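Please read this briefing beside the sequence and the coordinates.

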Amino acid sequence: MQMEQKTKIGLALSGGGARGIAHIGVIKAFEENDIEIHAVAGASAGSIVGALFAAGKTADEMLTLVRESSLFKIYKMEIPNGGLTNLTYISDKLKEVIPEDSFNALKIPLYVAVANLITGKLEILNKGSLSRIVRASSSIPFFFKPVLINGDLYVDGGVLDNLPVDPLINTMDVVIGVNVMPQYNVSHRNLQNILGIANRVFDMGVWANTRTNLNRCDLTIEPVDLHRYTIFQISKYQEIYQLGYMAGLAKAEEIKTLINKKL
C-alpha cells in the first residue's frame, strides 16, 4: 500500500509554446515515481498542461490529446497575413476534455498567469471560465488577439511572469519549477529584420522574469537540449516529450529526498 505523502508539493510550469509538451514528460516521470502534486501554476503552454493535469488527466492521456486531437496545434501557426487571429481553438478543445468550464471542477488547485493590457499588470487567476482564462494566458502577443475578461483585455501571462510561483510559495511546502524556455545564443542571421529582433527582445524579457522565479523554487527542472526546438515545432512533440521525461527522471530521487526532509 502506498503511504500518503504529507508534504505538499506545488508545481510551476513555464510557457514555451510547443516546448510545453516537455511538461507532460516531466509529469510522466513523477507518476512513475509516485511523486504527488497538490497544486499547479502555469503560464501560456504551462497553463494548458496545468489545466489538464489539475483536471485529473494522466500524462498518457495528455500525450494522446497532443497526438490525436492536436491540442497544441495553435503553435503550428505563423504570423497571419490578415492580422491577428482569435485563439478560440484552445478554448473549444479544453471544453471537450473538461466539460465543466470552471476552476471549481478541478481536482487540485490551479493558478493561471495572465497579463492585463489595460492596467499593464500581472494577474494570477484561479476562478472563472477555465477555457477563457487559459486561452488568454496562451495568447502570444503579435500572433493572437487579446482576450476580453470582465471588461479588460488579456494576453500571454509569460510577458510578465513566465513561471508563476507566488501562489505556490504561499501554500505549499515544496515548490518545483519546470522551465521550457531555455536561454541560448542566436546567430547574426536571426537578427536581420524587425521580426527577428522583436522575437529576440520578447524572449529576453521572458527569460528575465523566468530566471527570477526559478531562483525562488526549492528545485528546478530544465530539460537539456530543448533549445533545439522552436516554440512552433509541434511536429516534434514526441522528441520534446522525451526530453521532459528524461529531465523529470533525473530529478526524481532529489525530489523524494526533499520531500522526506520536509516530513
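The points below are grouped by topic, after a short note on the model.

This is a predicted model, in which local features need pLDDT of at least 70 and side-chain atom pairs count only at pLDDT 80 or more, while totals for chains, interfaces and linings use all residues. Residues are numbered from 1 along each chain as its sequence is written, and side-chain values use heavy atoms, with hydrogens and water left out.

**Helix α4**
- In helix α4 (residues 88–97), the buried residues are I90, S91, K93 and L94, where buried means under 20% relative accessible area with a 1.4 Å probe and protein chains only.
- Seen down the axis of α4, these buried residues fall within an arc of 170 degrees, so they line one face of the helix; the arc is that of the directions from the helix axis to the C-beta atoms.
- The cover over the buried residues of α4 includes α2 (45–54) and α5 (130–137).

**G42 in strand β2**
- G42, which lies in strand β2 (residues 39–43), is buried, with a relative accessible area of 0%.
- Leaving aside residues up to four places away in sequence, G42 touches L13, S47, Y111, V112, A113, S137 and P164, contact meaning heavy atoms within 4.5 Å.
- G42 and A12 are 30 residues apart in sequence, and their C-alpha atoms are 5.7 Å apart in space.

**Loop residue I118**
- I118 is placed in the loop between β3 (110–116) and β4 (121–125).
- I118 counts as exposed because its relative accessibility is 53%, the cut-off for exposed being over 50%.

Conventions:
Helix = DSSP H or I, 4+ residues; strand = E, 2+ residues; numbered from the N terminus.
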